[in-house]
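Grab your viewer and work through these exercises one by one. Each task comes with a solution you can follow step by step.

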Amino acid sequence: MRSIAVINQKGGVGKTTSAVNLAAALAEQGFRVCVLDLDPQAHASLHLGLSVLNDQPSVYDVLCGDATIADARYWVTDNLAVIPANLDLAAAEMELAGEVGREVILRDKLELDDEQFDFLILDCPPSLGVLTLNALTAVQEVFLPLQPHFLALHGLSKLLKTIEIVAKRLNPTLHLSGVVLCMYESSTRLAAEVTRDVDEFLTMQSKSQGIWAGAKFYETRVRRNIRLAEAPSFGQSILEYAPTSNGAEDYRALAKEVMGVSTSASRPHETDAEIGLVKAA
């Protein structure tokens with residue numbers, strides 16, 4: 001299973017949109033995908049049509065109570081499951097403050113889960129607190145959505161430093177696997193400048209050892225699209241809400257790039273010959 005934390009400490013850069021729609025696009029390809037919502041705003045859950053009531057288990061009950069991952073899992077489609085959040089999760093930071101080993105609670109709970117998935121995608125809060133640390137200790141990969149804007153780049157070095165510290169102290173398998181530009185407008189000079197700067201940075205860092213080694217700057221640019229903004233209000237991914245829109249097209253393309261990062265991520269039920277053709281391509 002590939003486990004991916006979608007992170008950016010700045011809000012409004014397409015983090016939740018990317019987590020949800022990438023998951024939906026992978027599920028559409030036949031993969032079994034689970035979205036884990038770690039943001040107290042619960043936008044990923046709402047995006048997929050889930051609103052957790054007080055008596056229903058959520059990720060809060062997994063982190064701060066006795067609920068298992070299976071208890072809090074809800075199926076959206078045959079291939080797509082969600083472990084939802086609600087506003088209670090905002091109290092988790094304080095409740096876990098004095099807990100021994102609070103950074104690895106989620107990892108331990110996930111290791112006890114028997115359900116098999118091809119992808120686990122975690123939508124993280126726009127902060128670097130206990131919830132984000134739990135995500136970073138529980139996954140292997142970090143996926144970084146960026147808006148091609150100066151303010152979106154501000155603080156990026158702090159985020160990457162946090163990832164590096166977690167990799168050194170808590171999770172040696174953690175690495176930055178990819179960066180994708182969201183809300184992209186190809187007609188602006190700023191978008192071109194930010195694209196160049198990010199590309200140069202990743203090219204330089206990829207030559208060194210550490211969390212940046214092998215990081216991919218995805219060719220897919222998620223274009224600014226009003227359908228992407230409308231889809232959450234209907235509780236649907238962009239693939240359900242507007243399957244022929246630019247947004248759906250972009251996230252399908254991104255899913256194919258993500259699948260290509262690991263040649264072992266073949267479609268379920270492919271024959272050995274078909275897998276060989278994929279690898280050769």
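**Exercise 1.** Which are the buried residues of α1?

Before starting: this is a predicted model, where local features need pLDDT of at least 70, side-chain atom pairs count only at pLDDT 80 or more, and totals for chains, interfaces and linings use all residues. Residues are numbered from 1 along each chain as its sequence is written, and side-chain values use heavy atoms, with hydrogens and water left out.

*Solution.* 
- Step 1: Buried means under 20% relative accessible area, exposed over 50%, and partly exposed in between (1.4 Å probe, protein chains only). Helices (H or I, at least four residues) and strands (E, at least two) are DSSP runs numbered from the N terminus.
- Step 2: list them. The buried residues are K15, T16, S18, A19, V20, N21, L22, A23, A24, A25, L26 and A27.
- Step 3: With 12 of its 14 residues buried, α1 is largely enclosed by the rest of the structure.

**Exercise 2.** Check the span of helix α1 (residues 15-28).

*Solution.* 
- Step 1: the expected span is 1.5 Å times one less than the number of residues.
- Step 2: for the 14 residues of α1 that should give 20 Å, and the end C-alpha atoms are 20 Å apart, so the two agree.
- Step 3: α1 is followed by G30, whose phi is positive, near 105 degrees.

**Exercise 3.** Find the residues that touch the most other members of the largest nonpolar core.

*Solution.* 
- Step 1: such a core is a set of buried Ala, Val, Leu, Ile, Met, Phe, Trp, Tyr and Cys residues joined through side-chain atoms within 4.5 Å.
- Step 2: another core, of 35 residues, lies apart from it, with A19, A23, C182 and L239 among them.

**Exercise 4.** Which rings does R221 lie over?

*Solution.* 
- Step 1: the rule wants NZ of Lys or CZ of Arg within 6 Å of the ring centre and within 35 degrees of the ring normal.
- Step 2: R221 lies over the face of Y184, at 5.9 Å from the ring centre, and over the face of F217, at 4.7 Å.
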